[in-house]
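Me: I have a two-chain model and want to go through its geometry step by step. Please take my questions in turn and show how each answer is reached.

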Amino acid sequence: IKIPRSSKNCDLTDVLKGEKVLDVVRRNHGNFTDKVINVEEVPESSTTVTAEVEGTIRQPQFQQAVGMFGYALNSGQLGPVLQQFGMSEEVVRQASDGDALGFAESLTNAERSRAKEEPKEGGM
Amino acid sequence: MDEGQWCLIESDPGVFTDLIRNFGVTGVQIEELYSLDDEACSHLKPIHGLIFLFKWRAGDEPMGQPAKDTDQIYFAQQVITNACATQAIINLLFNVNHEDVKLGQILSDFKSFTKDFTPADRGLVLGNSEQIRTVHNSYGRTQLYEVLQPPPTKDDDIYHFVAYVPIKGKVYELDGMRESPLEVGVITDGQEWMDVVRPVINQRIAKFSQGEIHFNLLAMVKDRKMKLQEQLEILGDAADPTEIAHLHEELNAEHEKDARQKLENKRRRHNYIPFIVELLRVLAKEELLVPLVKESIEKRRVEEIAKKQIKTEMKME
């Protein structure tokens, strides 16, 4: 017998792909340069950090990691991981419920209030 | 990952090549073969052996007969799960007797230490070799958080690697799951060993395709850069310039492939979680996360309904 899937579940590999997401990565390029492999450690390759950042969401290795991450989110196991990344209690709670939409909404709220608190971000 | 465990390794020529280089082996590399036809693999010669990967099934009929002259074959039985990639490499490499091929310290030590052991004992020693295991495990997919591991599905594919290798005029199949090596053919005068192994593997593949079983075929070949450089030296300066240009082109292609495989191996080991978390954050900041998640939930719902409809239609038919 198959356990019915919760209607709150989403496929994160679907969410984190496509042109819209790639545009966001491009616009926020600086946020990701230290989160990809260090291409300078492969001096023979002609690739650049920019290319690596922009290519990441299409890489099978990344997509596999997203698959695991999404599985953990849907099964309510992502809370501790998000806590390590300093996410708010509400975000962690929603993720621990396995509620992908609730997680997305509370993360959006958190980012909104963070933007208000730091109006001069990057200005100083 | 528990101490003493061996992780699964992706059957990819880049991973295998890097794995054997990190064991300290020189003079060989691993290439994927898409066909066993002579034209398709002649440029890779000498081919020292083949590693055939397939989905394992219990009760697979052996193709060949138990080898008689086992004292001239190095064969280790598989005692530990998931080590079969390294197991197949070792069973293959230890039977290669070629001036180009140097095993390096780690494997030479292992080979001489286990020389007089039974196949089962060799497997046990391999399972307990920390040095070999450490290199092997550095190619496993990063398992950062235990919780992120989806449970294995019921037919979680059990892939298995076996080696085919020519030894003193005969071709053997070395499968760590069997009791002993299998002799699959005799190399007659004027024949190359690949001619002997080709029908054996093709027959095996034919059996698989009926059941749509996945397989792939890797070849342990002479280090390509080494081979091309030797060819250039032999030709000398007096040779046909187009031929020299062609060899340089091939050499460049090998260097590029090396770099590409190194990048891919780095990505395999990379921790993408910080990237994913940051991506979710910026998507949230730009008010895109909620609509994207809603879209995915809706898509899944529609797919579920479609699946149910197909099932009902099938029942009605």
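The questions below concern this predicted model.

Me: What is the order of elements in chain A from the N terminus on?
Reply: Chain A contains 8 helices and 0 strands. Of its 124 residues, 32% count as buried. From the N terminus on, the elements run α-α-α-α-α-α-α-α.

Me: Which element gives the most residues to the side of chain A that touches chain B?
Reply: The contact takes 44 residues from chain A and 42 residues from chain B. On the side of chain A, the elements that give two or more residues are helix H1 (12–15), helix H2 (19–27), helix H3 (29–32), helix H5 (60–74) and helix H8 (100–117). The one that gives the most, with 9 residues, is H5(A).

Me: How many residues on the side of chain A that touches chain B are nonpolar?
Reply: Chain A brings 44 residues to the contact. These divide by class, with 12 polar and 8 charged. The nonpolar residues number 24.

Me: Are the axes of H8(B) and H9(B) roughly parallel or roughly antiparallel?
Reply: Helix H8 (residues 224–235) and helix H9 (residues 241–269) of chain B have axes that come within 9 Å and cross at roughly 160°. Angles over 145 degrees count as roughly antiparallel. The crossing is left-handed. H8(B) and H9(B) are therefore roughly antiparallel.

Me: How many charged residues are in the contact of H8(B) with H9(B)?
Reply: From H8(B) come Arg224(B), Lys225(B), Leu228(B), Gln231(B), Leu232(B) and Leu235(B), which meet residues of H9(B) including Glu243(B), Glu250(B) and Glu254(B). By class, the contact has 6 nonpolar residues and 1 polar residue, and the charged residues number 5.

Me: Which term describes the angle between H1(B) and H9(B), roughly parallel or roughly perpendicular?
Reply: Helix H1 (residues 13–23) of chain B packs on H9(B) at an angle of about 90°, with the axes 9 Å apart. Angles from 65 to 115 degrees fall in one class. H1(B) and H9(B) are therefore roughly perpendicular.

Me: Is Asn265(B) buried or exposed?
Reply: Asn265(B) is in helix H9 of chain B. Leaving aside neighbours within four places in sequence, Asn265(B) is in contact with Gly14(B), Val15(B) and Asp18(B). A residue needs 20 or more other C-beta atoms within 10 Å to be called buried. Because Asn265(B) has 22 such atoms, it is buried.

Me: How many Å apart in space are Asn265(B) and Asp18(B), C-alpha to C-alpha?
Reply: Asp18(B) belongs to H1(B) and Asn265(B) to H9(B), two helices that meet. In sequence the two residues are 247 residues apart. In space, C-alpha to C-alpha, the separation is 8.3 Å.

Me: How wide an arc do the buried residues of H5(B) cover around the axis?
Reply: In helix H5 (residues 119–128) of chain B, the residues Pro119(B), Arg122(B), Gly123(B) and Leu126(B) are buried. They lie on the same side of H5(B), because the arc they cover is only 100°.

Me: Which helices do the buried residues of H5(B) pack against?
Reply: Among the residues concerned are Arg122(B) and Leu126(B), both buried. Their partners are in chain B: helix H3 (84–93), helix H4 (104–114) and helix H6 (130–137).

Me: Which peptide bond is cis, with omega near 0°?
Reply: Most peptide bonds are trans. Pro46(B) is in the loop between helix H2 (38–41) and strand E2 (47–55) of chain B. The cis bond runs from Lys45(B) to Pro46(B).

Me: What is the phi of Glu287(B)?
Reply: Most residues other than glycine have a negative phi. Glu287(B) lies in the loop between helix H10 (273–285) and helix H11 (289–316) of chain B. With 11 C-beta neighbours inside 10 Å, Glu287(B) counts as exposed. Its phi is positive although it is not a glycine, at about 60°.

Technical notes:
Residues are numbered from 1 along each chain as its sequence is written. Chains are lettered from A and ligands numbered from 1 in the order in which they are written. This is a predicted model: local features need pLDDT of at least 70, side-chain atom pairs count only at pLDDT 80 or more; totals for chains, interfaces and linings use all residues. Helices (H or I, at least four residues) and strands (E, at least two) are DSSP runs, numbered from the N terminus. A residue is buried if 20 or more other C-beta atoms lie within 10 Å of its own, exposed if 12 or fewer, and partly exposed in between; C-beta atoms are placed from the backbone. The arc is that of the directions from the helix axis to the C-beta atoms. Two residues are in contact if their C-beta atoms, placed from the backbone, lie within 7 Å. Ala, Val, Leu, Ile, Met, Phe, Trp, Tyr, Cys and Pro count as nonpolar, Asp, Glu, Lys and Arg as charged, and the others, Gly among them, as polar. Axes are lines fitted to C-alpha atoms, for helices over the stretch in contact, and angles run from 0 to 180 degrees between N-to-C directions. Angles under 35 degrees count as roughly parallel, over 145 as roughly antiparallel, 65 to 115 as roughly perpendicular and the rest as oblique. A crossing is left-handed if the near helix is turned anticlockwise from the far one by less than a right angle, and right-handed if clockwise.
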